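Reader: I am new to this structure and would like to learn how to read its features one at a time. Could you take me through some of them slowly?

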Amino acid sequence: MSPPAGERPDILLLLTDQHAAHMLGCAGNLGVATPNLDRLAATGTRFTRAYTTFPLCVPARSSLITGRHPHELGVHGNSPGTGAVVAQPGRRPDSLGHLLRAAGYTTCYAGKWHAREASASPEDGFTVLRPFGDRGLAEAGARWLTSRGARTRPFALVVSFDDPHTICEYARNQPMPYGPVTPVPVRRSPPLPPNFGSHPYEPEALRHEQAVQAAMYGTAAWGPDDWRRYRHTYARLVERADAAIGTVLDALDAAGLADTTLVAFTSDHGDGDAAHAWNQKTALFEEAVRVPLILRPPGGLPAARTSSALVSVGLDLLPTLCAAAGTEAPAGLPGIDLTAARQAGSGHDHVVVETRFERPSPPLTEGRALITDRWKYTVYSWGRWREQLHDLRDDPGETRNLAEEEAYDAVREQMRERLLQWCLRTGDAGFLKKLVLPASAGTSMHDGIFAVPY
């Protein structure tokens, strides 16, 4: 049963790191078993087109706790850079922890924070139950839920796991912090994805980044068997995170709190998972930018629902949780209340994902992807084929770059215009000089953008 009318729900937010949207059993992936997330989805809503704002930990998480675009926050990577002012989004009074605490919630955080610092602090608006690290994390969250602490209602508890992010260590042949994954023969590993490998007219900038940062990616000498082993390991790490989430959900049930608690599950970004022969994140491929999102209301829904509405997790999660808590989200935020969107069956008419590769030497690779119900238009800051246009209905694997086909020039022009207007509207001045301007912009717009040439 749901809480009585007018009673604010408790909130449990579950996070994983580097968890791609397709890595769920309930998403139809037969290569991974996620029974605990599947049972959450069985009485909740799973959003099948949820996107990060930036496929990298710190910028994505900074969005999650503020409801703002990373460029608005001045957060463009995991490190602040030489001479940069270190933004601490959680210290803002309008960040998630402070907003919920001001609304009367007991706010607690356990696990990975990474909205600059690895662990949260009281200055971020949360009591810290457990610092960064997955060992003992699920058990700490479970203990809190079954203790007297959770009875100080209403509460907002965040349990944030590092896995399956440790796939990064696997690819670099480094020790894995929470223990290795047992290998299996290649024949028992998942097959390569249909969009594996390079494709015509793919962005030059991405392969350049992969080459110059070969030590970080660890895949330069890999063949098909190596990629299949990677996929096996990634699936097992997702399953390890799912088991930990099950410990927390079991405790919620045991404490008798399931009927009063809104449960949300998502991730900061995805992983290439061998698509396009890409691992990790930062690229604007679908596997890296689309994330899982499940919302289960107090008491659950009578049956599972799926929503194909376009949503931006970084922008929409904060207003959704604020609405549940009965408090106003900060004025002017671009996000929407996903509970209302679920009921209306609608989301955004487009979402934009930002990226920047962190390297000390030029050229700096940045990018923006504007995604609509059907089309995905991506621009990188330099290189051949830096413009990408894909029809996600007919080509979800992004293997045919329609920007190189005259028949789609009108669509490309429309998407150029939409991305320009988004940059102007959101104050994304840093990327204006990287755009391919639409013909409608004219010379005056070009001259204004380049009034300062560099």
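Author: Let us begin with a single residue, keeping in mind that the model is predicted. R359 is placed in the loop between β13 (351–356) and β14 (366–371).

Reader: Is R359 buried or exposed?

Author: A residue counts as buried when its relative accessible area is under 20%. For R359 the relative accessible area is 16%, so R359 is buried.

Reader: Which residues does R359 touch, leaving out those up to four places away in sequence?

Author: With those left out, R359 touches H208, E209, V212, Q213 and T365. With one of these, E209, there is also a polar contact, made from side chain to side chain at 2.7 Å.

Reader: How many disulfides are there?

Author: A disulfide needs two cysteine sulfur atoms within 2.5 Å, and by this rule the count is zero. Take C57 as a case: the closest cysteine sulfur to its own is that of C168, and because the two are 7.5 Å apart, they are too far from one another for a bond. C57 is buried, with a relative accessible area of 1%, whereas C26, at 26% relative accessibility, is partly exposed.

Reader: How is a pair of aromatic rings described?

Author: Such a pair is described by the distance of the centres and the angle of the planes. In this model the count comes to 14 aromatic pairs. In one of them, the rings of Y170 and Y230 have centres 6.3 Å apart and planes at 55°, so this pair is tilted. Y170 belongs to helix α6 (residues 167–171) and Y230 to helix α9 (residues 224–254), so the pair ties together parts that are 60 residues apart in sequence.

Reader: What kind of pair do the rings of F196 and W227 make?

Author: Planes over 60 degrees apart count as edge-to-face. The planes of F196 and W227 stand at 70°, with the ring centres 6.1 Å apart, so this pair is edge-to-face. F196 lies in the loop between α6 and α7 (204–212) and W227 in helix α9, so the pair ties together parts that are 31 residues apart in sequence. F196 is partly exposed, with a relative accessible area of 25%, and W227, at 4% relative accessibility, is buried.

Reader: Which residues form one aromatic cluster?

Author: Y170, F196, W222, W227 and Y230 form one aromatic cluster.

Reader: Where does the charged end of K433 sit?

Author: The charged end of K433 sits over the ring of F450, 6.0 Å from the ring centre. F450 itself is placed in the segment after α15 (442–449), and at 29% relative accessibility F450 is partly exposed. From C-alpha to C-alpha, F450 and K433 are 7.0 Å apart in space, and they are 17 residues apart in sequence.

How values were computed
Residues numbered from 1 in each chain as written. Predicted model: local features only at pLDDT ≥ 70, side-chain atom pairs only at ≥ 80, totals over all residues. Heavy atoms only, no water. Helix = DSSP H or I, 4+ residues; strand = E, 2+ residues; numbered from the N terminus. Buried < 20%, exposed > 50% of the residue type's maximum accessible area, 1.4 Å probe, protein only. Polar contact = N/O pair within 3.5 Å; in protein donor to acceptor, adjacent residues only side chain to side chain. Contact = heavy atoms within 4.5 Å. Phe/Tyr/Trp six-rings, centres within 6.5 Å; stacked < 30°, edge-to-face > 60°. Lys NZ or Arg CZ within 6 Å of the ring centre and 35° of its normal.
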